Amino acid sequence: MEHGDVNVIYSVEHQLPLVMYIGQYFFFTGLSAGSFVISVIATLLGRKEFKPIGKITAILAPALLVIAPINLILDLEQPLRFWHLFLYYNWTSPITYGSFLLTAYPIIGTIYAVMVYTNRQNAAKILGILGIPLAISVHGYTGFILALAKARALWNTAAMPTIFLVSAMVSGIGLVVIIAAVRWKWFDKKATPVQREGDKRLILQLAQFMAYVIMMDLFLVLSDILVLLTAHADAFEAGMLILTGNFAPLFVGVEIILGSIVPMILVLGPKSRKSLTAAVVASILVNIGVYAMRFVMVIGGQTIPLS
Amino acid sequence: MAEKKRYAMVIDVRRCIACHACTVACKAEMSVPLEVNTTWLKIVEKGTYPDTRRFWIPRLCNNCNDAICARNCPTQATYKREDGIVMVDQHRCIGCKYCIASCPYDVRYINPLKNIVQKCYFCSHRVDAGLMPACVESCPTRAMVFGDKNDSKSEVAQLLAANATVVIKKEMQTDPQVFYISADETAMSNIEEDINYYTEGAITKIRF
């Protein structure tokens, strides 16, 4: 109460620049990067029971990365000028890193998928190792897009790229679990009962791995919130906005409780850990939670007035 | 000796009578569409009746020396001129709006008619022709003063030398070039504990 009552009588606030197209783009690149990493891990380990998952994810990664940039171009005010990004690049802008990464990564991803499907193991391994840094940077740079826009207190933190990468892993594994479970249920009738049992165990293991990555994500979010609440005034405002303000239902309710804690209990809980249904429900919840996280970050970060 | 030109503006808030002439002049000069503003007056009211008072500051682009918008523009559509004015090339801008998201001062906007990003250019076309920016020209109390900061004979340099000046959000490390004399801290800052906004909040302006 330094000044008593303060009323802003008149000021101009311009419309939010980045809308949910950007959030969706973050979500899709996250899914793509997550599934690519899973695919490469499966290929590198080279065990026979990992093959189906390696193949599904190899095709998912480039497919999702075709959807993702469509969101970006739709978001432009002048979509037909998108080629300016390549002709008039600016190396200090994170969007420029992105426009080149988004070109290179789907190419490597597609060649990698062809190698996996034609069973050329060595070529697939080399391309996979080359592709992992690309996959990480194609999603990590989206964190830099937010972190380097220094006006917004919610975005301007060094933890942002890591938070994005870890949540991308979570949602990517979630998607793989869903698709592998659908395949196991309806499209895997030819396999022997022993194989089916092994596949099921593999899906459950993947879901448990997801739960451990969720723990890491929760730790990062907690440290981000703690620093926001003890840093300068704008950051405090941003922290309160997502903890108690307009975005609290989405952040605390959907992202933290529904999207992280409930899936963790479902996957690791003693009763439900053997159930494939629980793993699938947990994966769907996780993806809803990560989508909510993108919404809270992109839209919520911009709602704090700047002037 | 001859240093490079560096255009800057000094706004003496003690002289400002909040007549909005700068807002109107800017709208007319730059053909600014409805819904958006390049120059405007921020007005806050402090205290409870009967101990109240209004404070205000004219707001416009700071044409920062270390402009985050120019650094983050992916197509170099936003660039800094030799004399320090930050420009937007309207034929190169793709409208990715990243500059608006990075600007700490909310002075950039999407022109709803041209579908590109625009801002205040210190009326570069008038400055190049040897005239003053429209807002400065229209100010009835001469509260706004514009000129070359590096020319010690200019009114801007003398005002800067003789007065205590402040800039908006110095902590953003952008080196703003619009200086205020006797500006109120509450009117300059965006966050206050018990602030009540009577303007239309940004959240209601999301377009899909």
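A residue counts as buried here if 20 or more other C-beta atoms lie within 10 Å of its own. Keep that cut-off in mind for the close-ups below, which come from a predicted model.

**View 1. B:C123, a buried non-glycine residue with a positive phi.** Here we're looking at the loop that links β7 (116-118) to α4 (124-128) in chain B, where B:C123 sits. B:C123 has 23 C-beta neighbours inside 10 Å, so it counts as buried. Its phi is positive, at about 50 degrees, even though B:C123 isn't a glycine.

**View 2. B:S182, partly exposed and also with a positive phi.** This one is in chain B too, in the loop between β10 (178-181) and α7 (185-188). B:S182 isn't a glycine either, yet its phi is near 60 degrees. It has 16 other C-beta atoms within 10 Å, which means B:S182 is partly exposed.

**View 3. Where chain A meets chain B.** Chain A puts 46 residues into the contact, and chain B puts in 56 residues. On the chain A side, at least two residues come from each of β1 (6-10), α3 (84-87), α4 (94-117) and α8 (233-243). The top contributor there is β1(A), with five residues. Sorted by type, the chain A side has 22 nonpolar, 16 polar and eight charged residues.

**View 4. Strand pairing across the two chains.** Zoom in on β1(A) and you'll find it joined by four bridges to strand β2 (residues 40-46) of chain B. The two strands run antiparallel. For one of the pairs, look at A:Y10, whose bridge partner in β2(B) is B:I43.

Note on methods
Residues numbered from 1 in each chain as written. Chains lettered and ligands numbered in written order. Predicted model: local features only at pLDDT ≥ 70, side-chain atom pairs only at ≥ 80, totals over all residues. Contact = placed C-beta atoms within 7 Å. Nonpolar A, V, L, I, M, F, W, Y, C, P; charged D, E, K, R; others polar. Pairing = 2+ DSSP bridges. Buried ≥ 20, exposed ≤ 12 C-beta atoms within 10 Å, placed from the backbone.
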